[in-house]
Amino acid sequence: MAYLTITRKLLILVAISIVSAAVIFVVGVQSSFKLADSGVSVAQEVMLEGEKAKIKAATDSLAMVLAKALEGISGEQDKVEYMRRVIKDAVFEQDRSGYFYVYTGTTNVAHPMKPELQGKDLGKVKGSDGVYSVRELWNTVRGGGGFLRFTWPKPGKGDVPKLGYATMIPGTKYWIGTGVYLDDVEDLAATIAGELGRQADKTLLVDGVVFAVMFMLILLPMSAFTFRDVVRTLGSITRAADRIASGDFNLQLETNDKGEEGRLRNAIMRMAGALRENVASLRDKGEQAAREADAAKKAGMQAEEATIAAREKADEIRSAASRLEKVVEIVSTASQELSVRVNQASGGAVEQAQRVEMIATAMEEMNSTVLEVATNASHAAEAAERARTKAEEGEGIVHKVVLEIQEVRTQSNEMKADMGVLEGQAPGIGQIMDVISDIADQTNLLALNAAIEAARAGEAGAGVRRGGRRGEEARGKDHGRHP
C-alpha cells in the first residue's frame, strides 16, 4: 500500500465499498433465509407448545368431567360403557385424527378409532421408533401425568410421529390420554416455511432492486463524485506543492470550501507564506553570513599578518634582547670601569680637597706672614721665602690636581662617547650619562675653583715676594741710614 498512488488507493477504497455493499446485500439475503428457517422452527415450536397446551387442557377437562360422571355410576361395566360413549364423539382436528382413549394399567378400555383394541393389554406393543408407547404413558401417569413422543399408526398414512398426553381420572382406576399427530404440525410448519420463503423471495427482490437503485443512483455517483473531487483537490494541491518546490511562494488557491479541502488549501497557503518568510530570512542570514565570512576572512588575514608581524617583532625583540644582553654586559663593564674611575675621581677630589685645605692653610699662614711683615720686617724676607716656597708647592699641587681633573674629564668624555653608542639601544643609559655629565661638570667646577684659588694663591705669593723685596730694600735703606 505504501507504493500505491492516492488515485489507486481511492479506486481500491471505492471497490472495497462496492464489494462491502455487495457482501452486506448477500449477508442480508442469507440472513433473510436463515431468519425464515428460524421463523419456521420457532413457529413449529410455538405450534407444538400450543398443541401441548391444547391437548393437556382438553384431557384434564375431560378427566374431571368423567370423574364427576362416574361418581353416579355403580357398576364397572356401566362405567366402561359410559366412557366409551363419551369419547366416541369427542374428536378434534379437521381430519378427525384427534381422539381420546381410556386405559386401566396397560389394558385398553375405550378406543374410538380401533374398537378391536378394547380389552387388550398393549404394554408390550412397540412402535417403529422402538418406544413402548402404552407402557411409557402408564409410567407417566403414575408419575402424575405428562407428555410422551412416540409413533402410532394414523389412518390412511401409516406410522406417524405423535405427541401424547395422559392423566388419571380422579377417583377411579382409569387414566385417559389423547395426542396429536405431528405431521399436521409439520405440514403447517411447511406451509409457514413456504409462506416465509415467498416473503423472503419477495424481500430479496425488493432488497435487490433497492440495492441496485442505491448502487446505481447513489453509491456509484457519490463514489465517482468523491473520487473526482478528491483527485482534483489532490491535483491542485500537488501543483501548488510543485510551485512551492520550484520557489514560487506567491500562489493563491480557491478556499470556498469550509471543510477539510478548504482547511487543507488554507494550510498550503499558510505554509507557502511561512516558507516565503523563512526563505527571505535565510537569504538575509546567508548574506549576513557571507559578510561575516568575508569579515572573518579579512580578520583571519589580518590575524595572520599580525601573527607574522608578531613573529617578526618577537624576532626583533629576541635580537634586541640579545643586543641588550651585550649592551648590559658593556654597561656592566662600563659601570664597573665608571665605578673605578668615579672612585678614582672621588679619591682625587678628596686629595684635591685636602690640597685646597692645605692651600687655605697656606693662605692663612701667608696672611699671618703678611701681618707679621708689618710688625717684624726682619722676618719678612724669611716669611716671604717660606710663602714663595709654599706658593710654589701649592702651584705644583694645583697643577697636579688640574692634570688629574683633565685626566678624569678625558675618561669621562670617553665614557660619554661609549654611553652615546649605548644611548640608542638602552634609554636608561641616558640617565647614567646624565649622572656622569653631572660628575664631569662638578669636577670641572672643582677644577675651576681650584684654579681660581691657585691663581689667588699665586697673586698672593707674588705680592708677598714684592713685599719681601720692598722690605729688603727698606731694610737696606735703613741699614744704610743706620750703620
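Predicted model: local features only at pLDDT ≥ 70, side-chain atom pairs only at ≥ 80, totals over all residues.
The charged end of Arg 135 sits over the ring of Tyr 132, 4.1 Å from the ring centre.

**The whole chain**

- Going along the sequence, the elements come in the pattern α-α-β-β-α-β-β-β-α-α-α-α.
- Take the contacts with a separation of 6 or more: 60% of them link residues 24 or more positions apart.

**The sheet and the helix on it**

- The 5 strands make an open sheet, ordered 2-1-5-4-3, with antiparallel pairing.
- At the edges you'll find strand 2 (107-110) and strand 3 (146-154), each of which pairs on one side only.
- From one strand to the next, the twist averages 40°.
- Strand 3 and strand 4 (residues 158-168) run antiparallel and are joined by 9 bridges.
- Within that pairing, Phe 147 has Tyr 165 of strand 4 as its bridge partner.
- Helix 2 (residues 76-88) packs on the sheet, where it touches strand 1 (100-104), strand 2 and strand 5 (175-181).
- The direction of helix 2 makes about 70° with that of strand 2.
- As background, strands of a sheet pair through backbone hydrogen bonds, and they can do so either parallel or antiparallel.

**Aromatic pairs and a cluster**

- Searching the whole structure turns up 7 aromatic pairs.
- One of the pairs is Tyr 101 with Tyr 103: the ring centres are 5.8 Å apart and the planes meet at 85°, so this one is edge-to-face.
- Both partners of that pair are buried, Tyr 101 with a relative accessible area of 6% and Tyr 103 with 2%.
- Phe 150 and Trp 152 also make an edge-to-face pair, because their planes are at 90°, over the 60 degrees required; their ring centres lie 6.4 Å apart.
- Phe 150 is buried at 5% relative accessible area, and Trp 152 counts as buried too, at 12%.
- Tyr 101 and Tyr 103 turn up again in an aromatic cluster, together with Tyr 99, Trp 138 and Trp 175.

**Charges over rings**

- Phe 147, the bridge partner of Tyr 165, has the charged end of Lys 52 over its ring, 5.7 Å from the ring centre.
- The other case is the opening one: Arg 135 holds its charged end over the ring of Tyr 132, at 4.1 Å from the centre.

**Out on helix 5**

- Val 279 belongs to helix 5, which covers residues 260-375.
- Buried, exposed or in between: what is Val 279? Its relative accessibility is 28%, so Val 279 counts as partly exposed.
- Val 279 and Gly 247 are 32 residues apart along the chain, and their C-alpha atoms are separated by 9.2 Å.

Definitions and conventions:
Residues numbered from 1 in each chain as written. Heavy atoms only, no water. Phe/Tyr/Trp six-rings, centres within 6.5 Å; stacked < 30°, edge-to-face > 60°. Buried < 20%, exposed > 50% of the residue type's maximum accessible area, 1.4 Å probe, protein only. Lys NZ or Arg CZ within 6 Å of the ring centre and 35° of its normal. Pairing = 2+ DSSP bridges. Helix = DSSP H or I, 4+ residues; strand = E, 2+ residues; numbered from the N terminus. Axes fitted to C-alpha atoms, helices over the stretch in contact; angles between N-to-C directions. Contact = heavy atoms within 4.5 Å.
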